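Me: Hey, can you walk me through this structure? I'd like the fold, then the charged pairs.

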Amino acid sequence: MQPTKKRKKPEKLSIFTEVDAKRTPRIVHRKLGRERNWGEQWPGTSLIFLDPRMRSYRYLDTLIHEMLHLFFPELNERTVTLLATKMSKEIWRRRYRRLDK
């Protein structure tokens with residue numbers, strides 16, 4: 001019998017986690033085909049690049065994902081993805097829709 005691998009639990013966020021509130025995200029829309037990403041956040045800056053060709057739900061999910069990277073750089077990718085997905089699903093369920101592109 002092989003030993004079972006324990007799955008890492010997502011990091012727990014404390015309400016006391018410091019967030020740099022002075023960081024205002026600067027969102028730049030450009031095609032990210034070469035990068036093969038829907039969005040990017042450059043560490044150490046407040047720049048967020050988003051591909052403008054995304055549909056409404058993917059745009060919401062990607063925007064939240066990149067903003068989490070900006071405000072909580074210590075979080076790993078798995079945790080950011082889980083949080084962004086949960087948040088975007090709830091916002092979408094409450095009938096958020098992106099009207100303009």
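Reply: Happy to, and we can go through the model topic by topic.

Me: What kind of model is it, and how are residues numbered?

Reply: This is a predicted model: local features need pLDDT of at least 70, side-chain atom pairs count only at pLDDT 80 or more, and totals for chains, interfaces and linings use all residues. Residues are numbered from 1 along each chain as its sequence is written, and side-chain values use heavy atoms, with hydrogens and water left out.

Me: Ok, how many helices and strands are there?

Reply: The protein has 2 helices and 3 strands, and from the N terminus on they run β-β-β-α-α. Those are DSSP runs, numbered from the N terminus: helices are H or I with at least four residues, strands are E with at least two.

Me: What's the strand order in the sheet?

Reply: The order is β1-β3-β2, in an open sheet of 3 strands with mixed pairing. The edge strands, β1 (26-29) and β2 (39-41), each pair on one side only. Two strands pair here if DSSP finds at least two bridges between them.

Me: Which pairing is parallel and which is antiparallel?

Reply: β1 and β3 run parallel, joined by 4 bridges, with H29 opposite L50 in β3. β2 and β3 (residues 47-50) pair in the antiparallel sense over 3 bridges, and there Q41 stands opposite I48. In general, strands of a sheet pair through backbone hydrogen bonds, either parallel or antiparallel.

Me: What about the hairpin of β2 and β3? Which residue there has a positive phi?

Reply: That's G44, with a phi near 85°, and the hairpin has 5 residues between the strands.

Me: Back to β3. Are its side chains buried or exposed?

Reply: L47, F49, I48 and L50 are all buried, with L47 and F49 pointing one way from β3 and I48 and L50 the other way. Buried means under 20% relative accessible area, exposed over 50%, and partly exposed in between, with a 1.4 Å probe and protein chains only.

Me: And what packs on the sheet?

Reply: Helix α1 (residues 56-71) does, touching β1, β2 and β3, and its direction makes about 160° with that of β3. Axes are lines fitted to C-alpha atoms, for helices over the stretch in contact, and angles run from 0 to 180 degrees between N-to-C directions.

Me: How many residues of α1 are buried?

Reply: 12 of its 16 residues are buried, so α1 is mostly covered. Among them are Y59, L60, L63, I64, L68 and F71, and also H65, E66 and H69. The buried residues of α1 pack against β1, β2, β3 and α2. Contact means heavy atoms within 4.5 Å.

Me: How far does α1 reach, end to end?

Reply: α1 reaches 23 Å from its first C-alpha to its last, close to the 22 Å expected at 1.5 Å a residue. The expected span is 1.5 Å times one less than the number of residues.

Me: Switching to W92. Where is it found, and what does it touch?

Reply: W92 is found in helix α2. Not counting residues up to four places away in sequence, W92 touches S56, Y57, L60 and R97. W92 and S56 are 36 residues apart in sequence and 9.5 Å apart in space, C-alpha to C-alpha. At 23% relative accessibility, W92 counts as partly exposed.

Me: Now the charges. How many salt bridges?

Reply: The count comes to 3 salt bridges. The rule asks for a side-chain nitrogen of Lys or Arg within 4 Å of a carboxyl oxygen of Asp or Glu. One of them joins R53 and D51 at 2.7 Å, N to O.

Me: Last one: how much of the protein is buried?

Reply: Buried residues make up 29% of the 101 residues.
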